[in-house]
Amino acid sequence: MNETEQLLEQVTARVRNSLRRYERHGRTLPEPLEPAEITRAEAILGFALPPLLASLYTRISDGGFGPGQGLLPLRQAVLAYEERRSCGWRWPEGVLPVADFGCAMDACVDCRSDAAQVLLFDPNPGEPELAWSIDTPSLHGWLRGWLDGTAWFCEESGLGEECDLELAPWDDFRSRI
C-alpha cells in the first residue's frame with residue numbers, strides 16, 4: 001500500500017470515528033461523488049483536480065469533513081472558484097477554495113502544482129498581493145497535519161492561538177492572475 005492509500009485510509013477512519021459527533025448535532029455527511037461528477041467539475045473549472053483531492057470526494061464524502069469547517073462540497077467549491085475569478089480580487093487560475101476557516105479566510109488547493117500545494121487566502125490585510133500565503137507544500141501534508149493535530153488550525157497544536165502566525169507569502173500569485 002502506498003502513502004496516498006494509507007493517508008486515505010486514515011482520513012476515512014477519522015471521519016468514521018467522527019460520525020457519531022455529526023449525528024448528535026443532527027448532521028450527516030454527504031455521500032461520496034461518482035467519478036463522472038469529478039469529470040463534470042473539471043470541465044467547468046478548465047483544469048483537473050489533483051488525484052488526492054478527487055479521491056477524497058469520491059471515496060469518503062462530498063465534503064463536510066476535515067480542517068476548518070470541513071471540505072466544501074465540490075459543487076460549492078466550483079461555484080466559489082467561478083465567483084472569485086470574476087470578482088475584483090484577481091483570483092489566481094487553478095486555485096480552488098476547499099475549506100472555510102472563518103473570518104473570510106479559505107484554504108485553497110493549487111491544482112496546477114505537482115504536490116497540490118495548499119494556500120491560505122486571507123483578504124483581511126486589504127491587498128490582493130498580501131492575501132496569499134503557503135499553508136502547506138502539499139495536500140498530503142495538510143491532511144497529515146490535520147490528522148496528527150500539528151497543523152496551525154488544530155486546537156491542540158497551539159500554533160494559531162496568538163494570531164501571529166507567520167506563513168510564507170505565495171510568490172506565484174502575480175503570474176497566475
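Me: Buried means under 20% relative accessible area, exposed over 50%, and partly exposed in between, computed with a 1.4 Å probe on protein chains only. Which residues of α3 are buried?

Reply: This is a predicted model, in which local features need pLDDT of at least 70 and side-chain atom pairs count only at pLDDT 80 or more, while totals for chains, interfaces and linings use all residues. Residues are numbered from 1 along each chain as its sequence is written, and side-chain values use heavy atoms, with hydrogens and water left out. In α3 the buried residues are Leu 52, Leu 53, Ala 54, Ser 55, Leu 56, Tyr 57 and Ile 60. Helix α3 (residues 51-60) is mostly covered, with seven of its 10 residues buried.

Me: What makes a stretch of the protein chain a helix or a strand, and how many of each are there?

Reply: Helices are DSSP runs of H or I with at least four residues, strands are DSSP runs of E with at least two, and both are numbered from the N terminus. The protein chain has five helices and five strands. From the N terminus on, their order is α-α-α-α-β-β-β-β-α-β.

Me: Why is strand β4 described as largely enclosed?

Reply: Four of the five residues of β4 (residues 132-136) are buried, so the rest of the structure largely encloses this strand. Ser 133 lies in β4, and its relative accessible area of 15% is under the cut-off, so Ser 133 is buried. Contact means heavy atoms within 4.5 Å. Not counting residues up to four places away in sequence, Ser 133 touches Leu 119, Leu 120, Leu 167, Ala 168, Pro 169 and Trp 170.

Me: What makes α3 oblique to α5?

Reply: Axes are lines fitted to C-alpha atoms, for helices over the stretch in contact, and angles run from 0 to 180 degrees between N-to-C directions. Angles under 35 degrees count as roughly parallel, over 145 as roughly antiparallel, 65 to 115 as roughly perpendicular and the rest as oblique. The axes of α3 and helix α5 (residues 139-148) come within 9 Å and cross at roughly 50°, which makes α3 oblique to α5. Leu 52, Leu 53 and Leu 56 of α3 meet Leu 139, His 140 and Leu 143 of α5.

Me: How do you know that the chain agrees with a compact globule?

Reply: The radius of gyration is taken over C-alpha atoms, and the globule rule is 2.2 Å times the number of residues to the power 0.38. For 177 residues a compact globule would have a value near 16 Å, and the protein chain has 16 Å, so the two agree.
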